[in-house]
Amino acid sequence: MRLTDAERAMLEGAEGPAVARAMDLLVRYGEALGAERLVETNNVCGTIGATTPFMRDFAARHGGLDAVFSEFNLDSPEVVKVPRARTFTCHLQQGMDPDHAAAMGLGTEMVQLFRRGEAFAAALGVELANTCTPYQVGNLPRRGEHCAWMESSAVVFCNSVLGARTNTEGRESTGAAMLTGRIPYWGLHIPENRRGTHLVEVEAEPADVADWGLFGYYVGEVVQDRIPVIVGVGAPPDLARLKHFGAAASTSGGIELYHIVGVTPEAPTREAAFGGARPAATLRYGRAERRLAYERVNATARRREIQFVMLGCPHYSLEQLREVCRLLAGRRVHPDVELWIFAPRAIRALAVREGIAKIIEDAGGRLMSDTCSAMSRAIPPGTRAAAFDSVKQAHYLPAIMGIEGWFGTTADCIEAAVRGRFEGDLR
Ligand code: F3S
């Protein structure tokens with residue numbers, strides 16, 4: 001890999017041992033990928049804290065959170081003192097919501113560990129957004145900007161909707177990027193690799209947010225890790241629809257970038273989206289494909305009686321919280337059901353001030369932040385079946401926790417929370 005003079009100096013220790021370790025990691029990583037050089041970045045989304053018992057014990061045995069960062073963010077066999085981040089860096093979701101630790105089955109020791117991890121990250125200059133949707137709370141890289149982001153649903157939004165450039169990075173590469181301001185120049189950083197590969201013609205136009213999730217699930221399953229170009233969408237989808245489409249497409253497949261002709265920034269026309277090339281394949285999304293996606297997402301669901309409803313995957317916007325309030329108005333969550341709704345902590349703070357959180361809590365639900373059930377592996381005790389308005393959560397959580405999972409609209413899920421039974425169906 002070709003390094004600039006500044007990068008070589010970092011590698012040789014001119015900026016201290018942690019930066020040297022970070023540059024060493026990036027060189028090894030870049031060479032494994034076949035990258036010829038690094039590219040500068042000033043927008044990193046990663047994860048730093050230690051909220052698992054394993055990390056807690058590791059920190060205790062090896063000398064604190066510098067040791068955790070050295071091992072798990074820098075792949076360094078020796079413990080190095082971690083300096084402040086060189087780049088703008090924001091923290092993605094964590095492993096728990098410290099304000100609802102008891103509901104998540106966690107004790108005060110884990111909350112203390114979480115707080116220590118947050119203080120450590122804050123001292124490095126990391127923004128504690130604690131969400132899988134950093135773009136909802138002010139992290140909006142400009143079109144063409146090189147980023148280093150983790151979290152598949154955030155990556156696909158960053159590339160597709162914002163037109164910024166990132167591959168799906170990991171804890172190690174984002175840790176190294178935040179100390180060096182560099183990331184390997186390969187994959188979706190390179191303009192030619194951002195061209196569409198598959199044409200998707202829409203016959204059954206997705207309507208609500210759940211429908212966009214099903215559409216994404218189908219496209220991801222067929223296209224896998226290539227780049228779909230979608231035509232035939234009428235009204236431009238809003239933020240929630242784009243968020244759920246991308247999250248679903250990166251769940252059933254490995255989609256990191258999609259183009260919607262006339263909507264997303266790199267697809268003003270079909271020709272521009274394909275960069276003048278011909279599509280490798282064309283697929284159609286009609287009623288049969290929509291039905292197939294619905295059945296696949298609901299593959300684990302058997303029992304209509306549910307004990308848990310989880311909303312907010314990816315983390316909810318304020319508008320989605322308002323919709324929940326409208327649906328909950330004058331009603332109460334069934335006594336045998338827990339309703340957990342996840343949003344970024346900044347949006348939760350707004351929801352508290354606007355009275356939205358109180359409406360949810362008065363109805364018997366919880367407005368939570370910083371994590372989700374799949375990330376924290378936390379569900380209410382006794383859960384056998386759950387309902388979700390997210391394809392991604394319905395895909396992962398039953399497999400992770402050994403429960404049954406129903407997928408439906410937000411209205412279906414609130415109805416299930418109130419009645420204790422999921423009665424939704426594909427309409
Ligand atoms: Fe976010 Fe958890 Fe879903 S981190 S995208 S809410 S699986």
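**Sheets, ligand and pockets**

Guide: Cys45 has Trp149 in β4 as its bridge partner. This is a predicted model, where local features need pLDDT of at least 70, side-chain atom pairs count only at pLDDT 80 or more, and totals for chains, interfaces and linings use all residues. Residues are numbered from 1 along each chain as its sequence is written, and side-chain values use heavy atoms, with hydrogens and water left out.

Visitor: How many bridges join β2 to β4?

Guide: Strand β2 (residues 43–46) is joined to β4 by 2 bridges, and the two run parallel. Two strands pair if DSSP finds at least two bridges between them. Strands (E, at least two residues) and helices (H or I, at least four) are DSSP runs, numbered from the N terminus.

Visitor: What order do the strands of that sheet take?

Guide: The order is β3-β2-β4, an open sheet of 3 strands with parallel pairing. β3 (88–91) and β4 (148–149) are at the edges with a single partner strand each, so one side of each has no neighbour in the sheet.

Visitor: And which strands form the open sheet of 4?

Guide: They run β8-β7-β6-β9, paired in parallel. Strand β6 (residues 198–202) pairs with β9 over 5 bridges, in the parallel sense. In that pairing, Val200 has Leu283 of β9 as its bridge partner.

Visitor: New topic. Which residues surround the ligand?

Guide: Gln93, Cys132, Glu151, Ser153, Gly312, Cys313, Pro314, Cys372, Met375, Lys392 and Gln393 do. Near means that one of a residue's heavy atoms lies within 4 Å of the molecule.

Visitor: How does that shell split by class?

Guide: The shell has 5 nonpolar, 4 polar and 2 charged residues. Ala, Val, Leu, Ile, Met, Phe, Trp, Tyr, Cys and Pro count as nonpolar, Asp, Glu, Lys and Arg as charged, and the others, Gly among them, as polar. At least three residues of the shell come from each of domain 1 (5–189) and domain 3 (300–419). Those bounds come from an automatic or database domain assignment.

Visitor: Which pocket does the ligand sit in?

Guide: The second largest pocket. A pocket, on a 1 Å grid over the protein atoms alone, is an open set of points with protein on both sides within 12 Å along at least five of seven lines; a cavity is a set where a 1.4 Å probe fits but cannot get out; lining residues have an atom within 4 Å of a point.

Visitor: What lines the second largest pocket?

Guide: It has 17 lining residues, with Glu151, Cys372, Ala374, Met375 and Lys392 nearest its centre. Helix α16 gives the largest share, 4 residues. The volume is about 260 Å³. For a volume, grid points are joined across faces, edges and corners, and the space filled by probe spheres set on them is taken.

Visitor: Where does the largest pocket lie?

Guide: Domain 1 (5–189) and domain 3 (300–419) both give residues to its lining, so the largest pocket lies between them. It holds about 430 Å³ of space. Its lining has 21 residues, and Thr51, Thr52, Gln94, Gly95 and Met375 lie nearest its centre. Two or more lining residues come from each of α3 (53–62) and α15 (373–376).

Visitor: How many cavities of 30 Å³ or more does the search find?

Guide: The whole structure has 1. Lining residues include His244, Asp389, Lys392 and Phe407.

Conventions
A molecule sits in a cavity or pocket if more than half of its atoms lie within 2 Å of its grid points.
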